[in-house]
Amino acid sequence: MAEREQMNIVIVGHVDHGKSTVIGRLLADTDSLPEGKLEFVKEYCRKNSKPFEYAFLLDALKDEQAQGITIDAARCFFKTGKRDYIIIDAPGHIEFLKNMVTGASRAEAALLVIDAKEGIQENSKRHGHIVSMLGIKQVAVLVNKMDMVGFNKEVFDTIKAQFTEFLNGIKIRPVNFIPISAFHGDNIASKSGNTPWYEGPTVLEQLDGFSNKKKNAEQDFRMPVQDIYKFTEKGDDRRIVAGTITSGTIREGDEVLFLPSFKKSEIASIEGFNVPPRKEAGADEAIGVTLKTQIYIKPGEIMVKVNEQHPNVSSKFRANIFWVGKSPLVKNKKYKLKIGTMRSSVKLVEIISIIDAAQINIDTFKDQVERHDVAECIFETPKPIAFDIISNFEQTGRFVIVDNYDIAGGGIILESVDDQENSLKEHIRKREYLWEKSLITEEERREVYGHKSKFIVITTGSEELEKNIQDIGRQLEKRLFNTKHKVYFLGISSLLGGLGSNVSTENEDRIEQIHQIGELARIFTDSGQIFITSVHNLDDYEALILKELNAPNDILVVNIGESPFSNFIPDASVGIDDAVNEICNILVKQEIIIDYFI
């Protein structure tokens with residue numbers, strides 16, 4: 001027997017606009033109530049001289065019934081011929097927002113209820129913001145209590161026009177507006193004769209018209225890289241890329257791409273611990289793979305199939321975050337970001353809006369996010385990372401932020417943001433504007449030193465050559481020094497003991513070291529010297545950072561052996577055996593140094 005579909009629906013709206021009545025009616029009209037429940041509630045109302053309300057079907061506790069309002073996020077279950085539903089009645093308080101944003105609840109669609117008589121209230125807009133913050137794309141607006149306005153089409157059309165304009169402004173495109181009277185059942189489970197002018201679906205038909213998210217196994221392939229293992233016993237030279245598949249399937253021979261490095265290879269084998277050999281693996285399995293082309297990749301990258309939809313790659317993204325940190329979330333402070341296995345520093349660059357979860361107030365003017373606030377923000381990482389949009393992929397569209405070793409916030413990514421203008425470029429603009437130029441010109445230094453300035457970066461993608469490129473850098477420095485050139489070599493290990501001593505050596509802080517090398521290069525080349533460094537496995541973006549930070553002065557990127565780049569083209573590729581001579585020859589050709597000195 002085939003497993004029935006299931007869908008999570010969230011319902012939001014002003015406390016008196018009838019959302020609980022809508023749910024109660026859905027439960028009653030689909031015969032989804034426990035036997036005797038409807039009669040029990042009606043009898044309870046009779047004994048207490050209260051008019052019967054379908055909303056009371058939701059209120060499990062007597063004190064809730066006495067108040068006549070919903071005070072918790074109640075989960076109710078009902079079914080149609082198409083699927084089973086879990087419908088969440090959302091009051092909008094702290095716990096609900098925290099659960100929705102951080103993933104304890106995962107609604108695939110939303111119903112937003114508005115009172116036709118009262119019209120669009122401030123709370124209606126607030127609940128619209130909540131739906132927007134949850135990243136839900138499938139939204140239907142139920143214009144309730146149409147019986148109170150005589151089922152007037154003009155009233156409905158006015159609300160529809162005004163609320164559509166508001167929702168579009170907060171990036172919600174409602175799929176439908178439905179005129180209903182939840183108390184009387186109009187357009188809930190069957191078409192109402194009171195709205196002959198309405199030709200759209202009933203609420204139940206609209207629910208059945210929503211699309212289910214694909215199951216993990218049916219989605220495109222994603223595997224965040226946990227680690228890369230290398231074995232040496234008994235001549236085993238395999239490099240195994242390990243991780244847990246979050247969605248899709250992978251097979252031997254599939255062409256794969258790693259993001260954000262954009263490196264490609266092909267699956268040679270699928271490995272497991274104490275399991276029989278196999279040709280494929282699927283969602284939720286922890287596996288290892290070997291690659292036909294050996295490439296150098298880092299933990300935190302996402303492995304995808306070349307011929308499927310890829311994650312976004314950017315250093316900026318728009319997201320909603322629920323903040324629980326002891327200290328507020330403030331602009332331009334450095335935090336730690338975790339998405340899957342990826343770790344990076346991150347900073348808040350813009351606050352778009354904030355919802356005070358206790359009061360459900362919306363604020364677009366606050367300059368920091370307080371504890372228990374839900375905020376729509378733009379975040380920026382020092383270099384591009386790979387991520388998905390929450391509406392497409394759950395696992396790679398959610399993140400946490402760490403502040404001082406504590407998890408301080410959880411969030412969902414809504415969209416990638418253009419990162420052509422970023423903090424690095426802004427920093428360089430300010431730096432160059434404030435740069436105090438020397439009274440000694442570039443030409444004067446060249447005349448005295450007998451050479452031009454240059455920033456030389458030596459790199460390799462080979463693990464075996466990591467120490468070799470350091471040695472080549474030092475030997476090049478010695479050669480140029482002996483021929484009377486102003487030259488200095490600085491390796492990253494030397495930097496870590498000095499300027500970078502307060503920088504973590506963890507992988508996510510390597511970018512800080514790249515930034516510091518680039519800033520030092522700008523100073524050395526401005527002073528007319530030749531500055532040399534070696535950086536193992538320099539990637540495309542790191543090379544561009546060094547170029548930008550050293551501008552307007554020259555840079556020479558030299559690759560030795562296996563290239564670490566995917567798209568970036570180094571200025572030169574030389575052999576390891578005669579690397580120093582080859583680099584010197586390049587400097588002569590570029591007229592950085594004079595042939596006489598060599």
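How do the residues of the lining of the largest cavity divide into nonpolar, polar and charged? They come to 5 nonpolar, 1 polar and 1 charged. Keep in mind as you look through these views that the model is predicted.

**View 1. The largest cavity and its lining.**
Around the space you can find Ile 228, Arg 239, Val 241, Leu 291, Gln 294, Ile 295 and Ile 297, which line the largest cavity.

**View 2. The largest pocket and the elements that line it.**
Here we turn to the largest pocket, with a volume of about 750 Å³. It is lined by 39 residues, and those closest to its centre are Pro 260, Lys 383, Pro 384, Asp 539 and Tyr 541. Several elements each give at least two residues to the lining: β18 (342-356), β21 (373-387), α8 (423-434), α12 (510-526) and α13 (540-550). Helix α13 provides the largest share, with 6 residues. Sorted by type, the lining of this pocket holds 16 nonpolar, 10 polar and 13 charged residues.

Ser 453 sits in the loop between α9 (442-449) and β24. Is Ser 453 buried or exposed? Ser 453 counts as buried because its relative accessible area is 14%, while the cut-off for buried is under 20%. Leaving out residues up to four places away in sequence, Ser 453 touches Thr 525, Gly 528, Gln 529 and Ile 592. Now find Val 487: it is 34 residues from Ser 453 in sequence, and their C-alpha atoms are 9.0 Å apart in space.

**View 3. Helix α1, mostly covered.**
In helix α1 (residues 19-29), 10 of the 11 residues are buried. You can trace them along the helix: Lys 19, Ser 20, Thr 21, Val 22, Ile 23, Gly 24, Arg 25, Leu 26, Leu 27 and Ala 28. After α1 comes Asp 31, which has a positive phi, near 55°.

**View 4. Strand β22 and its antiparallel partners.**
Strand β22 (residues 398-403) is largely enclosed by the rest of the structure, because 5 of its 6 residues are buried. Strands of a sheet pair through backbone hydrogen bonds, either parallel or antiparallel. With β17 (residues 335-339), β22 pairs in the antiparallel sense over 3 bridges, and Leu 337 has Ile 401 of β22 as its bridge partner. With β23 (residues 406-416), β22 is joined by 6 bridges, and these two strands also run antiparallel. Look for Asp 403, which stands opposite Asp 406 in β23. Together β22 and β23 form a hairpin with 2 residues between them. In the turn, Asn 404 has a positive phi of about 55°.

Note on methods:
Residues numbered from 1 in each chain as written. Predicted model: local features only at pLDDT ≥ 70, side-chain atom pairs only at ≥ 80, totals over all residues. Heavy atoms only, no water. 1 Å grid on protein atoms, 1.4 Å probe; cavity = no way out; pocket = protein on both sides within 12 Å on 5 of 7 lines; lining within 4 Å. Points joined across faces, edges and corners; volume = space filled by probe spheres on them. Helix = DSSP H or I, 4+ residues; strand = E, 2+ residues; numbered from the N terminus. Nonpolar A, V, L, I, M, F, W, Y, C, P; charged D, E, K, R; others polar. Buried < 20%, exposed > 50% of the residue type's maximum accessible area, 1.4 Å probe, protein only. Contact = heavy atoms within 4.5 Å. Pairing = 2+ DSSP bridges.
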